[in-house]
Amino acid sequence: MPQRLSLTALLVDEYDTALSFFVEKLGFELREDTVLGDGKRWVVVAPYGAAGGLLLARAVGERQCDAIGDQSGGRVFLFLETDDFARDHLTYTQRGIRFVEAPRREPYGTVAVFEDPYGNRWDLIEPVTRRG
């Protein structure tokens, strides 16, 4: 069987605040929310139809808390691909998602950077369709 990435852990300060953003604002589906004990939960969200997802990991300890929103050192960290950039950009803007730049066209597609509530940078991208 070929290998694949199944989950990416994203440090958050609190599960329900993170769920509110990912489910209500980005429109992701909640795939799992299992109580593990000691205040820990296994919380997985993903865009509908996506193979992989995000594990929302509540930060524990000073080092993890300090890394919330800076897991990539300020670079774009996550890439959300869409089949309709204009639709999703408008929807997200109306839902209060903050884009840190205007949409732009690149050789690889239409893209704009937005931030989640923690300051992690995301690309919203509609790739150029290649015709064979």
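Strand β7 (residues 104-106) pairs with β8 in the antiparallel sense, over three bridges. The model is a predicted one. Strand β8 (residues 109-115) has seven of its seven residues buried, so the strand is largely enclosed by the rest of the structure. A separate topic is an open sheet of four strands, with the order β1-β4-β3-β2 and mixed pairing.

**Strand β8 and its partners**

- A hairpin through two residues connects β7 to β8, and Glu-106 has Gly-109 in β8 as its bridge partner.
- Strand β6 (residues 98-99) is joined to β8 by two bridges, and the two run antiparallel; here Phe-99 has Phe-114 as its bridge partner in β8.
- Strand β9 (residues 121-127) is also antiparallel to β8, with seven bridges between them, and Val-113 stands opposite Asp-123 in β9.
- The hairpin of β8 and β9 has five residues between the strands, and within this hairpin Gly-119 takes a positive phi near 100°.

**Burial of β8**

- In a regular strand, side chains alternate between the two faces of the sheet.
- Both faces of β8 are covered: Gly-109, Val-111, Val-113 and Glu-115 are buried on one side, while Thr-110, Ala-112 and Phe-114 are buried on the other.

**The four-stranded open sheet**

- In the order β1-β4-β3-β2, the edge strands are β1 (7-12) and β2, each of which pairs on one side only.
- From one strand to the next, the twist averages 25°.
- Helix α1 (residues 15-25) packs on this sheet and touches β1, β2, β3 (40-46) and β4; the direction of α1 makes about 10° with that of β3.
- Strands β1 and β4 (residues 53-58) run parallel and are joined by six bridges.

**Ala-57 in β4**

- Ala-57 lies in strand β4 and is the bridge partner of Leu-11.
- Apart from its neighbours within four places in sequence, Ala-57 is in contact with Leu-10, Leu-11 and Val-12.
- The C-alpha atoms of Ala-57 and Arg-95 are separated by 24 Å, the two residues being 38 residues apart along the chain.

**Nonpolar surface patch**

- Leu-7, Leu-36 and Trp-42 form a nonpolar patch on the surface, and together they have about 270 Å² of accessible area.
- Leu-36 belongs to strand β2 (residues 29-37).
- Leu-36 counts as exposed because its relative accessibility is 53%, where the cut-off for exposed is over 50%.

Notes. Residues are numbered from 1 along each chain as its sequence is written. This is a predicted model: local features need pLDDT of at least 70, side-chain atom pairs count only at pLDDT 80 or more; totals for chains, interfaces and linings use all residues. Side-chain values use heavy atoms; hydrogens and water are left out. Patches are made of residues with over 30% relative accessible area and no salt bridge: like charges are joined within 9 Å, nonpolar side chains (Val, Leu, Ile, Met, Phe, Trp, Tyr) within 5 Å. Accessible areas come from the Shrake-Rupley method with a 1.4 Å probe; for residues, only the protein chains shown count as cover. A salt bridge is a side-chain nitrogen of Lys or Arg within 4 Å of a carboxyl oxygen of Asp or Glu. Buried means under 20% relative accessible area, exposed over 50%, partly exposed in between (1.4 Å probe, protein chains only). Two strands pair if DSSP finds at least two bridges between them. Axes are lines fitted to C-alpha atoms, for helices over the stretch in contact, and angles run from 0 to 180 degrees between N-to-C directions. Contact means heavy atoms within 4.5 Å.
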